[in-house]
Amino acid sequence: MLFIRHFERFSERAYRQGKAGGYLHVYIGMEALAVGWLTQIRQGYDYVITAYRDHAHALLLGSDPVACMAEIMGRRGGLSRGKGGSMHLYDIPKGFFGGWGIVGGHTPLGAGLAFASKYRGEDRVTLNFLGDGAANAGVFFESLNMAALYDVPCIFIIENNEFAMGTRLEYHAADTELHKRGYPFGMKHERLDGMDLLQVRQDAKRIIDWVRENQKPYLVEIMTYRFVGHGAADNDQTLYRTKDEVESARQRDPIALLMDYLTSNNLMTREKIEAIDAETEAEAERVYEEADASPHPDPSEVYDDVYSDMTPEVGH
Ligand SMILES: Cc1ncc(C[n+]2csc(CCOP(=O)(O)OP(=O)(O)O)c2C)c(N)n1
Ligand SMILES: [Mg+2]
């Protein structure tokens with residue numbers, strides 16, 4: 001969690017310095033959610049797909065942090081060779097299918113990944129992350145329907161940070177208990193806490209085991225909060241929430257909660273935690289500098305990978 005937080009602080013720096021183009025959305029405040037779930041899957045075997053708030057997911061799946069940062073900076077050494085940016089981290093060998101910018105647009109792709117693994121007789125699970133705002137997209141309901149119809153091993157994980165850009169949950173969702181959207185499709189569904197890492201890990205293990213065993217879909221809504229703006233360009237959060245509200249959510253900062261647990265149970269000293277904090281910060285700085293040394297893509301590559309040379313074969 002500390003490395004992700006420091007890494008993202010450096011990505012924000014890159015944005016402010018004009019070194020990261022396009023959009024940049026960080027996961028600060030939400031770390032326990034991705035850490036809890038992605039440490040419970042079979043990494044490099046199970047499939048993961050998410051929206052544009054994707055840095056934590058790539059890092060946790062073992063993508064090279066320098067390649068992640070280089071992508072954020074649009075450099076040739078980036079995961080998508082510098083052509084995707086922050087929203088389009090990808091690492092297929094690690095089971096990471098992106099990194100998508102159209103709200104809700106990737107949810108049928110996640111259902112399709114789960115369909116593919118079941119069709120091939122494998123016992124993979126797919127984690128299909130989306131936001132609370134995305135849970136209103138028509139295509140999400142279609143994805144739930146098809147996933148339930150074909151009984152595919154897909155876990156839809158709504159990262160409910162209570163906002164879709166500047167629109168609060170109560171103003172965008174007719175029923176704010178988003179997990180209930182599994183009900184009409186006969187899908188198991190529940191709402192869980194996303195701030196206490198140890199609890200998140202336990203919940204994740206239970207649900208992943210169930211889905212792997214039963215090869216059926218599941219819908220979870222996980223309550224979390226982003227401590228910073230929607231994206232790096234969201235300058236005035238006071239238009240939609242108060243400083244007090246953010247401050248009170250910060251009382252349950254997942255990193256601070258875990259530190260308190262570790263120290264109060266004598267599992268780790270405060271000095272040791274401070275040392276990890278300093279080490280991960282130094283590591284994030286090294287990553288930032290190494291990524292910054294990667295060259296920009298050559299303009300001659302602009303059309304590479306846009307069209308496929310493969311002629312599809314018809315009739316199979
Ligand atoms: C189809 C579509 N509509 C609108 C947008 C603009 N947009 C970008 S992010 C966002 C809010 C999504 O909120 P949520 O799903 O809760 O995700 P979060 O940013 O909180 O992680 C919107 C409306 C978009 N990218 N795609
Ligand atoms: Mg949201």
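**From the first helix to the sheet**

Just after helix α1, glycine 18 takes a positive phi of about 75°, in what is a predicted model. Helix α1 itself covers residues 2–16, and its 15 residues reach 21 Å from the first C-alpha to the last, close to the 21 Å expected at 1.5 Å a residue.

This helix is mostly covered, since 11 of its 15 residues are buried, and among them are Leu2, Phe3, Ile4, Phe7, Phe10 and Ala14, together with Arg5, His6 and Glu8. The buried residues of α1 pack against several other helices, namely α2 (31–38), α3 (55–60), α4 (65–72), α10 (254–264) and α11 (270–292).

The strands form an open sheet of 6 members in the order β2-β1-β3-β4-β8-β7, with parallel pairing. At its edges lie β2 (96–99) and β7 (188–193), each of which pairs on one side only, and neighbouring strands of the sheet are turned by 15° against each other on average, direction ignored.

Within this sheet, strand β4 (residues 154–160) and strand β8 (residues 218–223) pair in the parallel sense over 6 bridges, and isoleucine 155 stands opposite tyrosine 218 in β8. Helix α6 (residues 138–149) packs on the sheet, where it touches β3, β4 and β8, and the direction of α6 makes about 150° with that of β4. Another helix, α5 (residues 107–119), lies across β1 (47–50), β2, β3 (126–131) and β4, and runs at about 170° to β3.

Notes
Residues are numbered from 1 along each chain as its sequence is written. Chains are lettered from A and ligands numbered from 1 in the order in which they are written. This is a predicted model: local features need pLDDT of at least 70, side-chain atom pairs count only at pLDDT 80 or more; totals for chains, interfaces and linings use all residues. Side-chain values use heavy atoms; hydrogens and water are left out. Helices (H or I, at least four residues) and strands (E, at least two) are DSSP runs, numbered from the N terminus. The expected span of a helix is 1.5 Å times one less than its number of residues. Buried means under 20% relative accessible area, exposed over 50%, partly exposed in between (1.4 Å probe, protein chains only). Contact means heavy atoms within 4.5 Å. Two strands pair if DSSP finds at least two bridges between them. Axes are lines fitted to C-alpha atoms, for helices over the stretch in contact, and angles run from 0 to 180 degrees between N-to-C directions.
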